[in-house]
Amino acid sequence: MDLETAVMKKKESFNETDKAIVSYLLKYPEVASQLSLLELAQKLYGSKSAIFRLSKKLGLSGFSELKFELSELATRKEQNVKNKQTLDFNTDLQKIIAETFKYFKGLNLQPFFADLDQAETIYLYSTGWQQQIIAEYLAHNFFLIGKKAIILPSARDEVALLGRSARENDMLFVISFGGFNKTIIEELKKIDVVNTELKLVSLTSWQTGKLASLSDYSFFFKTTPFQFSKQNAVTFSSAYVLIDLIMNSYGRHCDLR
């Protein structure tokens, strides 16, 4: 019988001291399991004998078995939290993917596909390491459909040079999490002055940043945080799904030409 079940069965026989001890034990099982009998008594402003009597009342052999049951309870509580977090993440991710499909169905991609047909070279620029991986994935997809794609290093000078070297109808994809990178936005404004024929395509998270407003074509993806992460990492699954949907649709467009 686990500790919580034992408490439920015996709660009618508890006095006020028992109730105070049990309340603390069930609320802080991990802390209580690491204390000695004397330390626990001092923390509860009670007596060792009261804790020992409670252990017996719960059907335990003594304080040692109580500590074991507290440790088991702490482990179960931790696992329950992890399970809930996993369910929350799974639910959020399913919702985001469903919303990505809905968003894709509402896109009018024909003008974008027409410009993509004319593009001799597609340049890809990213503003972070996860965005860089997305850029590589996108370049691979362009390779599969016979399009020349060049991944630019994540440096300001590379973007600046592009304005002078890109040819008419070439495309620049900028992949940015927030779409608010001031340095890149300033360079893109300069490019727009120098090379008005370069088509700008942005892929950003679900918010209308300055980058989207500068773009000829804007695509958005949603994110959700990983539950295990302590560094605020998020999943970019929606971006990959959106890329797959767009590229598959473009492939079919090419087959019908």
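1. Helix α12 has 19 residues and reaches 27 Å from its first C-alpha to its last, close to the 27 Å expected at 1.5 Å a residue, where the expected span is 1.5 Å times one less than the number of residues. Helices (H or I, at least four residues) and strands (E, at least two) are DSSP runs, numbered from the N terminus. The buried residues of α12 are S238, A239, L242, I243, L245, I246, M247, Y250, G251 and H253; buried stands for under 20% relative accessible area, exposed for over 50%, and partly exposed for what lies in between, with a 1.4 Å probe and protein chains only.

2. On provenance, this is a predicted model, in which local features need pLDDT of at least 70 and side-chain atom pairs count only at pLDDT 80 or more, while totals for chains, interfaces and linings use all residues. Residues are numbered from 1 along each chain as its sequence is written, and side-chain values use heavy atoms, with hydrogens and water left out.

3. The count of cavities of 30 Å³ or more comes to two, and the largest cavity holds about 100 Å³ of space. A cavity here is a set of points, on a 1 Å grid over the protein atoms alone, where a 1.4 Å probe fits but cannot get out, and lining residues have an atom within 4 Å of a point; grid points are joined across faces, edges and corners, and the volume is the space filled by probe spheres set on the points.

4. Which elements each supply at least two residues of the lining of the largest cavity? They are α8 (129-144), β4 and α12 (237-255), and α12 gives the largest share, four residues. The lining includes L242, I243, I246 and M247, each of which is also among the buried residues of α12.

5. Three salt bridges are counted, a salt bridge being a side-chain nitrogen of Lys or Arg within 4 Å of a carboxyl oxygen of Asp or Glu. K19 pairs with E16, with the closest N and O atoms 3.7 Å apart; the two are three residues apart in helix α2 (residues 16-27), and so are separated by about one helical turn. K19 is partly exposed at 42% relative accessible area, whereas E16 is exposed at 62%.

6. The side chains of K57 and D18 meet in a salt bridge at 2.6 Å, N to O. Because K57 lies in helix α5 (residues 48-57) and D18 in helix α2, this pair ties together parts that are 39 residues apart in sequence. D18 is buried at 4%, while K57 is partly exposed at 27%.

7. In the salt bridge of K222 and E99, the N to O distance is 2.7 Å. K222 lies in the loop between β5 (217-221) and β6 (224-225) and E99 in helix α6 (residues 63-105), so the pair ties together parts that are 123 residues apart in sequence. K222 counts as partly exposed at 25% relative accessibility, as does E99 at 26%.

8. S205 belongs to strand β4 (residues 199-205) and is buried, with a relative accessible area of 5%. A polar atom of the S205 side chain lies 2.2 Å from the backbone oxygen of F177.

Technical notes: Polar contact = N/O pair within 3.5 Å; in protein donor to acceptor, adjacent residues only side chain to side chain. 1 Å grid on protein atoms, 1.4 Å probe; cavity = no way out; pocket = protein on both sides within 12 Å on 5 of 7 lines; lining within 4 Å.
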